[in-house]
Each structure stands twice: as structure tokens, then as C-alpha cells.
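Please read the following walk through the structure with the coordinates open beside the text.

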Amino acid sequence: MAQPSLQPVPIKRSDCVPAGSVPGGDAAVIETELYAADNKIYPRAVSGWFAGWRWALVWATQIVFYGGAWLTWNGRQAILFDLAHRKFYILGLVFWPQDIIYLAVLLIISALSLFLFTAVAGRLWCGYACPQTVYTEIFLWIERVIEGDRVQRMKLDRPGWPVRKLALKAVKNAVWIALALWTGFTFVGYFTPIRDLWSDAAALAAGPWETFWILFYGFATYGNAGWMREQVCIYMCPYARFQSAMFDKDTLIITYDPQRGEPRGARARSADRRTRGLGDCVDCNICVQVCPTGIDIREGLQYQCIGCAACVDGCDHVMDKMGYPRGLIRYSTQNALEQKLSRAGIIGRALRPRVLVYTAILWTIIVATAVVLWLRVPLKVDVIRDRSAIAREVEDGKIENVYRLQVMNTAESARVFEISATGLPGLHVAGESRVEIGATASRMVPVRLRVPPGAAQPGTHPVEFSVSAAGVEGVAVREKSVFIVR
């Protein structure tokens with residue numbers, strides 16, 4: 001049966017009785033609850049094409065998540081966001097705070113991808129790859145293994161606490177908590193080297209912040225996937241609220257075909273539905289029972305629908321048993337239902353201007369970012385003038401300016417860098433012009449520039465620093481500054 005959702009109950013004026021109208025009191029007020037409590041949803045297990053894809057995504061995302069933190073690259077963790085040392089390692093790339101532009105690009109790509117997928121096929125992210133969907137699927141599987149399928153779980157949750165019920169609930173929650181804590185541990189392992197974190201956790205010597213975040217994310221996983229489930233999607237996730245703004249009549253969504261299914265009604269498998277004036281829908285409510293948010297897709301598109309297609313698999317099984325064609329509930333579009341378009345017609349309408357524009361912009365940004373990363377020079381230089389001594393005269397009447405160069409070697413090997421400068425006649429670096437900087441390290445290098453007397457008129461003159469890796473082609477950076485002559 002369909003599970004009631006949280007709906008406001010209006011309070012009528014007649015619910016409040018004026019003072020003096022009831023004997024024995026100044027006023028009698030009839031209290032009315034503003035909201036009806038949600039009933040627990042017991043999703044029924046379902047198998048089929050879309051369920052297979054959903055579980056494939058569960059496996060893929062969790063292998064990447066749980067396994068990625070343990071991969072090594074060049075003798076260090078392959079993926080590590082080292083906030084303490086302000087370095088982010090992603091496979092062979094090392095990012096510094098100055099590379100925050102790449103984070104902005106990643107967010108833009110994610111947003112455009114969401115817009116594109118939603119315009120084409122609705123809530124694909126929600127139904128197949130969202131962490132809330134993935135972990136709810138995992139926690140539900142654990143619940144089914146321990147407590148049984150839908151009917152068994154409903155019987156188990158009847159009032160009373162017999163020993164068997166206590167034992168099953170205790171085992172289920174223990175497994176949930178263990179998985180949630182491992183999830184929190186893995187998440188923190190992307191910010192603190194996971195092998196060190198494992199050693200500290202095993203010795204009960206993890207730092208206070210690591211302990212806090214492990215418990216925090218573990219509790220969030222346990223609460224969201226174990227208890228709140230569909231309420232996160234319905235009430236907490238903002239995507240459910242603005243998804244309709246990205247839909248149009250050619251967006252693929254989970255749809256029920258009322259022209260084929262209505263009027264619905266129960267019948268024997270051998271009964272002729274045409275002579276009885278019935279449609280293909282046998283009103284079995286399987287589509288409702290398998291829905292993780294407890295909605296009835298036959299009532300039309302609803303914001304609670306996460307597009308998981310569980311109702312499609314469930315309905316197809318019933319159609320197979322009845323000997324009817326599949327697709328009473330299917331991925332389709334509003335135009336396809338109204339105009340009875342073929343699959344080729346649906347695909348043709350999918351390549352509409354809106355989708356093509358999203359695709360073009362998305363791939364342009366992806367390709368441009370890939371090119372920039374490929375051509376990225378593993379060296380960064382910032383030039384800072386020494387303001388305590390703007391310009392000074394030194395030996396033989398030469399004019400000297402002092403700078404500080406912040407040289408960052410973003411490569412994972414130590415390198416020697418040569419420093420030079422151009423822009424004025426006779427301009428040269430006084431003192432040491434070669435510095436060695438360790439792997440993924442930075443160093444503040446004091447640099448003194450000098451020009452011969454009379455080489456430049458008093459005033460400000462543009463100069464350019466050149467920093468290059470000795471013996472390595474293409475690793476060089478040029479930075480502009482000014483030279484002051486008094």
C-alpha cells in the first residue's frame with residue numbers, strides 16, 4: 001500500500017470554539033495536529049535490468065571510495081588532500097592552494113553534468129550514483145539479509161520486544177554501525193594518510209580531530225542510510241525541489257502509461273481484460289511496494305521520485321507473469337506519451353538545442369582543462385619586493401634592489417633552479433643564482449639585482465625574472481616586477 005507522506009493538515013476556524021459557547025469553561029479548544037506522522041516504508045526487493053545497473057553503480061562507487069584511499073603512487077598515498085601541509089595529491093598531480101581555480105572548474109563541470117543528465121533523463125544522479133541512494137541500498141540489503149524481506153520486516157516491527165526481535169535488531173544495528181564507522185574512517189583517510197591513521201586507530205591513539213570526524217561521518221552515514229532514508233531525499237535534498245525547472249516535455253522520466261493501463265483492476269491470469277473493459281494494470285501495487293520513497297508512480301510525476309526505476313522492474317515482472325507486453329511503467333517522455341512516438345522519435349527529440357548546448361559547453365571545458373593540466377609547468381614563482389630597502393647604492397656605485405622569490409617545486413623530485421633577470425643594461429643577479437628545492441617543497445629565496453651606475457635613469461623600470469630547472473626542458477617560469485633607481 002502507498003505510504004502517506006508528511007502533509008500539512010489545515011486548521012479550520014470551526015475547530016476553535018468561541019469562549020462561552022461550551023458550558024463549564026471560558027473556552028474549549030479542539031487541538032489539531034499540524035502534521036501527520038510518516039509511516040515507515042518497507043521497500044520490497046526487486047530484480048531486473050535497472051536494479052542490475054543500480055547495483056553495478058553501487059559496486060563501482062564503493063570500490064573507488066574504499067579502495068582509492070589505499071592506492072600508492074611514487075611511494076605516497078595516491079589520493080590525499082593534505083590540509084596540514086596545504087598540498088593535494090591526485091595520482092601524479094600535486095596541487096597547491098594557488099591552484100584553487102581547478103576546484104572552481106571541477107564544480108562547474110559537475111554542475112553542467114548535472115544539468116545535462118537531468119535534461120536528458122531526469123534524476124539519473126539521484127537514482128543511481130548519489131551517496132544517499134548508494135548507502136541506503138547497501139543498508140537495505142543488510143536489513144533484508146538479517147531481518148528478511150518486506151513482509152517479514154513488517155511482522156518483526158509489530159508491537160512487542162521478544163528475544164528474537166531484540167537479537168535481530170541488535171545484530172543489524174551492529175553491522176550498520178561497523179560499516180558506518182569504516183565509511184567515516186575511509187573518508188578521513190583521504191585527509192590524513194590512511195596507513196598512519198590505521199596504526200593510530202588500532203593503538204587507540206588517533207588525534208582528537210581525526211576521532212571527531214570519523215565519529216561524525218560515521219554517525220551521518222548510520223543516521224541517513226539506516227534511519228532517515230527517503231526523508232533525506234524528500235525533505236532535506238534541495239535537488240528534489242528544483243529538478244522540475246530542468247525538465248521539459250522531451251526529458252526521459254519514469255512514467256506510467258494511463259492509456260494502456262486504465263481502467264485498472266484485479267483479474268485472473270486467464271481472464272480476457274478486453275471483454276471486461278480493463279486496462280493492463282492489475283492494481284497489484286508492486287510499483288508502490290518496491291519504491292524506496294513510497295510513492296505511487298501511477299499518480300504522475302512527483303518530486304519524491306528519485307528516478308531509480310525500481311517500479312519499472314517490478315511492473316515488468318508482473319507483466320511477464322500476466323503475459324502482457326512490458327513497458328506499462330517505463331522511461332519515456334511527455335511528448336512520447338501524448339504523440340505515441342517510437343523509440344527512434346524519442347532519441348531524435350533528445351538531441352534538441354538545449355542538450356546540444358550543454359554538451360558543447362561541457363566538453364569544451366573538459367578538453368580545455370585537460371590541455372591546461374597536460375601543459376602545466378611543475379613550478380610556481382611569486383616575486384615580493386623587499387620594502388625595507390627600496391633601492392640602495394653599493395660597491396662601485398652600483399644600484400641594488402632586493403627581492404624575495406617564493407619558489408615552489410611541485411614536482412615529486414628535488415630539482416636545482418637557476419635564477420636570472422632581464423630588462424636593464426648590465427642587470428644581473430648578485431650572489432648565488434642557483435638554488436636546490438626538494439620534492440613538492442617551497443623555499444623563500446632572497447635575490448639581489450644590481451645595475452652599473454648610469455645604466456638607467458632615476459625612476460621605476462620593468463624587469464623580468466626567469467626561473468628554470470637545470471637540465472630539464474620546459475620547466476621554466478617568468479615573472480614581472482620593477483627595479484627602482486634613485
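In this predicted model, helix 6, which covers residues 163-188, and helix 8, which covers residues 208-228, have axes that come within 7 Å of each other and cross at roughly 130 degrees. Two packed helices are described by the angle between their axes and the distance between the axes. An angle over 145 degrees would count as roughly antiparallel, and 65 to 115 degrees as roughly perpendicular; helix 6 and helix 8 are therefore oblique to each other. As for the sense of the crossing, helix 6 passes helix 8 in a right-handed manner.

Three strands make up an open sheet, arranged in the order 5-6-7 and paired in the antiparallel sense. Strand 5 and strand 7 (93-95) stand at the edges and have a single partner strand each, so one side of each is left without a neighbour in the sheet. From one strand to the next, the twist averages 15 degrees. Strands of a sheet pair through backbone hydrogen bonds, either parallel or antiparallel. Strand 6, residues 87-90, is joined to strand 7 in the antiparallel sense over 3 bridges, and F88 stands opposite F95 in strand 7.

The elements that give two or more residues to the lining are helix 1 (49-68), strand 5 (79-82), helix 2 (100-121), helix 3 (124-129) and helix 4 (131-147). Which element gives the most to the lining of the largest pocket? Helix 2 does, with 6 residues. Sorted by class, the lining of the largest pocket consists of 18 nonpolar and 4 polar residues, with no charged residues.

A search of the whole structure finds 4 cavities of 30 Å³ or more, and about 110 Å³ of space lies in the largest cavity. Its lining is made by 15 residues, of which C291, I295, C305, C308 and C311 lie nearest the centre of the cavity. By class, the lining of this largest cavity has 12 nonpolar, 2 polar and 1 charged residues, whereas the lining of the largest pocket has no charged residues.

Technical notes. Residues are numbered from 1 along each chain as its sequence is written. This is a predicted model: local features need pLDDT of at least 70, side-chain atom pairs count only at pLDDT 80 or more; totals for chains, interfaces and linings use all residues. Side-chain values use heavy atoms; hydrogens and water are left out. Helices (H or I, at least four residues) and strands (E, at least two) are DSSP runs, numbered from the N terminus. Ala, Val, Leu, Ile, Met, Phe, Trp, Tyr, Cys and Pro count as nonpolar, Asp, Glu, Lys and Arg as charged, and the others, Gly among them, as polar. On a 1 Å grid over the protein atoms alone, a cavity is a set of points where a 1.4 Å probe fits but cannot get out, and a pocket is an open set with protein on both sides within 12 Å along at least five of seven lines; lining residues have an atom within 4 Å of a point. Grid points are joined across faces, edges and corners, and a volume is the space filled by probe spheres set on the points. Two strands pair if DSSP finds at least two bridges between them. Axes are lines fitted to C-alpha atoms, for helices over the stretch in contact, and angles run from 0 to 180 degrees between N-to-C directions. Angles under 35 degrees count as roughly parallel, over 145 as roughly antiparallel, 65 to 115 as roughly perpendicular and the rest as oblique. A crossing is left-handed if the near helix is turned anticlockwise from the far one by less than a right angle, and right-handed if clockwise.
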